[in-house]
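My entries follow in the order I made them.

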Amino acid sequence: MSDGRVADRAANDTEASGRVEADSVVVLDFGSQYSQLIARRVRELNVYSELLPFDTPWSEIAVREPKAVILSGGPASVYEAGSPHPDPALWSGGIPILGICYGLHLMAQALGGEVVSFERKEFGPAVVTVTGGDRLFAGLEAEQSVWMSHGDSIERLPDGFRPTARTDSTPVAALADPARSMYGIQFHPEVVHTRHGREILRNFVVDIAGAHQNWTAANFIASNVEAIRRRVDEHSRATGTDGKVLCALSGGVDSAVAATLVHRAVGERLTCVHVDHGMMRKNETELLAKAFEQLGVRVIVVNARERFLRKLEGVIDPEQKRRIIGAEFIRVFEEEAAKIGEIAFLTQGTLYPDVIESANSNDEKAAAKIKTHHNVGGLPADMTFQLIEPLRYLFKDEVRAVGTQLGLPDSMVQRQPFPGPGLAIRIIGEVTSDRLDTLREADWIVIDEIKAAGLYREVWQSFAILTPLRSVGVMGDGRTYANVVAIRAVTSEDAMTADWAKLPYEVLGKISSRIVNEVPGVNRVVYDISSKPPATIEWE
């Protein structure tokens with residue numbers, strides 16, 4: 001799953017040169033809602049892909065030595081003033097290129113064709129007819145169901161290109177210039193609605209571009225272990241220190257996998273610190289400490305409940321909550337590091353979706369900031385640690401694959417995601433000890449019933465939210481005025497998009513009955529049926 005340069009970048013978050021051990025594909029992001037999905041689909045072919053801003057200089061693309069470049073779709077029109085365009089050097093770079101939707105239009109216009117606004121716009125399912133021999137459609141039937149989303153069309157083809165597919169509305173649904181290994185398609189192969197999208201991407205990435213399918217969990221582990229060990233050892237020699245590493249262990253899948261990976265690289269020089277900030281799930285801290293003790297990893301548990309609650313007193317803004325928690329985490333780690341000795345490195349389980357949603361300007365220029373992840377945008381500017389983030393460019397399913405390869409038990413690897421700020425961002429409004437206790441008990445019931453129904457592995461996340469609302473109810477013969485708890489359960493592949501889970505009514509009914517009867521101060525339960533977008537998975 002990784003080459004030497006990417007392993008260094010994942011461990012060091014800086015550009016590094018090195019012998020390429022795995023082939024890669026660069027995806028240039030022109031603002032499509034599906035850009036991340038393109039990168040995921042390529043990785044599912046066991047070929048590493050990296051998502052870069054559309055205006056990344058050709059020199060930065062070329063140094064990665066990619067086997068191919070894919071141009072994403074986007075909301076703009078190529079003929080509009082100010083529309084996004086790549087570095088012109090891309091077109092003469094000699095690397096196979098696939099343009100998707102807007103990317104197709106960019107290719108056509110840049111190489112001498114003409115793109116115009118289309119009278120008959122296509123949004124949704126369509127049937128494409130392959131009209132000529134084309135390696136992109138090799139082995140596939142002549143008529144295929146695809147997903148269209150465009151209002152522009154190619155009026156004139158560039159020299160050297162020929163049309164290879166059409167629909168009833170779009171004369172040029174695909175084009176090709178095999179001599180220059182340039183291909184374009186009007187539809188979106190990355191979405192599930194395009195029946196043979198995976199095969200089309202494989203034909204381009206593997207057969208046309210010649211990428212080897214060697215992006216595997218085992219290769220990723222080997223590359224990263226070596227990169228982490230080399231980085232820590234070099235720093236140790238340069239500073240005359242012992243090369244000790246600290247790991248922020250939250251209890252979730254990501255930090256557990258990151259800790260195990262780093263432990264394999266530096267062994268006993270790793271100390272994991274679990275900060276019990278009082279916002280963990282029920283029995284979380286105790287279970288975590290026991291699990292890592294069995295793995296032979298040193299874990300220090302810090303009880304910082306009162307400390308975090310004091311910092312959060314009176315705070316209701318979700319962004320402020322995240323920033324406070326992120327900064328306070330670092331302060332606790334710094335204090336613990338001082339007790340152990342000189343420690344230069346802090347390991348975090350940061351993932352690619354964290355980076356994308358926090359929209360760090362150095363990573364995703366075209367992305368809008370959705371929310372600050374406490375471990376990305378919430379870190380204090382004066383932090384003394386250097387970060388080791390071996391999972392920074394992985395999606396969740398890839399992290400699970402790495403965890404399994406590392407030998408972690410399914411009970412840890414297959415856990416549903418849990419946010420670093422914990423229950424603090426599942427309490428709408430001020431976080432207090434009493435409100436945490438209420439939510440913790442409700443959340444326990446949700447998970448307990450989801451597991452009892454055999455649905456835990458089928459949903460991406462399932463949890464409770466304590467709303468700021470109170471409602472009138474009746475218990476026994478008396479009137480109540482108590483809290484409203486919301487239930488959230490979603491299905492997803494990587495948390496970039498999600499749909500609300502269609503849980504059986506009997507499961508929802510049992511969850512509601514138990515919460516109202518077993519959790520003091522709650523008299524009403526509601527179910528969140530919002531998808532992402534427009535909502536996010538977490539409420540804050």
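**Tail end of the chain**

I started with Pro533, which is found in the segment after strand E18 (522–527). The model is predicted, and I kept that in mind throughout. I looked up the peptide bond that joins Lys532 and Pro533, and it is cis, with omega at about -15°. I then took the next bond along. Pro533 and Pro534 are also joined by a cis peptide bond, with omega about 10°. Pro534 too has its place in the segment after E18. I noted both bonds because most peptide bonds are trans.

**Whole chain**

I stepped back to the chain. I find 15 helices and 18 strands in it. The C-alpha trace spans about 75 × 70 × 40 Å along its principal axes.

I looked up burial next. Of the 540 residues in the chain, 59% are buried. I also looked up contact range. Taking contacts between residues at least 6 apart in sequence, I get 74% that join residues at least 24 apart.

**Positive phi**

Asn46 is not a glycine, yet its phi is positive, about 65°. I place Asn46 in the loop between helix H2 (35–43) and strand E2 (48–53). Its relative accessibility is 33%, so Asn46 counts as partly exposed.

Cys101 is not a glycine either, and its phi is positive at about 55°. Cys101 lies in the loop between strand E4 (97–100) and helix H4 (102–110). Is Cys101 buried or exposed? With a relative accessible area of 5%, Cys101 is buried, because the cut-off for buried is under 20%.

**Helix H12 and its partners**

The axes of helix H7 (residues 253–266) and helix H12 (residues 396–406) come within 10 Å and cross at roughly 45°. H7 and H12 are therefore oblique to each other. Their crossing is left-handed. On the H7 side I list Val253, Asp254, Val257, Thr260, Leu261 and Arg264 as making the contact. On the H12 side I list Lys396, Val399, Arg400, Val402, Gly403 and Leu406. By class, the residues of this contact divide into six nonpolar, two polar and four charged.

I turned to H6. The axes of helix H6 (residues 217–239) and H12 come within 9 Å and cross at roughly 80°. That angle falls in the range of 65 to 115 degrees, so H6 and H12 are roughly perpendicular to each other. H6 brings Ala217, Ala218, Phe220 and Ile221 to the contact, and H12 brings Ala401, Val402, Gln405 and Leu406. Which classes make up the contact of H6 with H12? I find seven nonpolar, one polar and no charged residues there.

Val402 and Leu406 of H12 are among the residues in the contact with H7. Val402 and Leu406 are also among those in the contact with H6.

**Helix H10**

I looked up H9 and H10 as a pair. Helix H9 (residues 305–312) packs on H10 at an angle of about 145°, with the axes 10 Å apart. H9 passes H10 in a right-handed crossing. From H9, the contact takes in Arg307, Phe308, Lys311 and Leu312. From H10, the contact takes in Lys321, Ile324, Ile325, Glu328, Phe329, Arg331, Val332 and Glu335. The class count for H9 with H10 is six nonpolar, no polar and six charged residues.

My last entry is Phe333, which is found in helix H10 (residues 318–340). At 3% relative accessibility, Phe333 counts as buried. What is Phe333 in contact with, leaving aside its neighbours within four places in sequence? I list Leu246, Ala248, Val273, Val275, Leu346 and Phe385. I checked the C-alpha separation for one of them. Val273 is 60 residues from Phe333 along the chain, and their C-alpha atoms are separated by 7.2 Å.

Notes
Residues are numbered from 1 along each chain as its sequence is written. This is a predicted model: local features need pLDDT of at least 70, side-chain atom pairs count only at pLDDT 80 or more; totals for chains, interfaces and linings use all residues. Side-chain values use heavy atoms; hydrogens and water are left out. Axes are lines fitted to C-alpha atoms, for helices over the stretch in contact, and angles run from 0 to 180 degrees between N-to-C directions. Helices (H or I, at least four residues) and strands (E, at least two) are DSSP runs, numbered from the N terminus. Angles under 35 degrees count as roughly parallel, over 145 as roughly antiparallel, 65 to 115 as roughly perpendicular and the rest as oblique. A crossing is left-handed if the near helix is turned anticlockwise from the far one by less than a right angle, and right-handed if clockwise. Contact means heavy atoms within 4.5 Å. Ala, Val, Leu, Ile, Met, Phe, Trp, Tyr, Cys and Pro count as nonpolar, Asp, Glu, Lys and Arg as charged, and the others, Gly among them, as polar. Buried means under 20% relative accessible area, exposed over 50%, partly exposed in between (1.4 Å probe, protein chains only).
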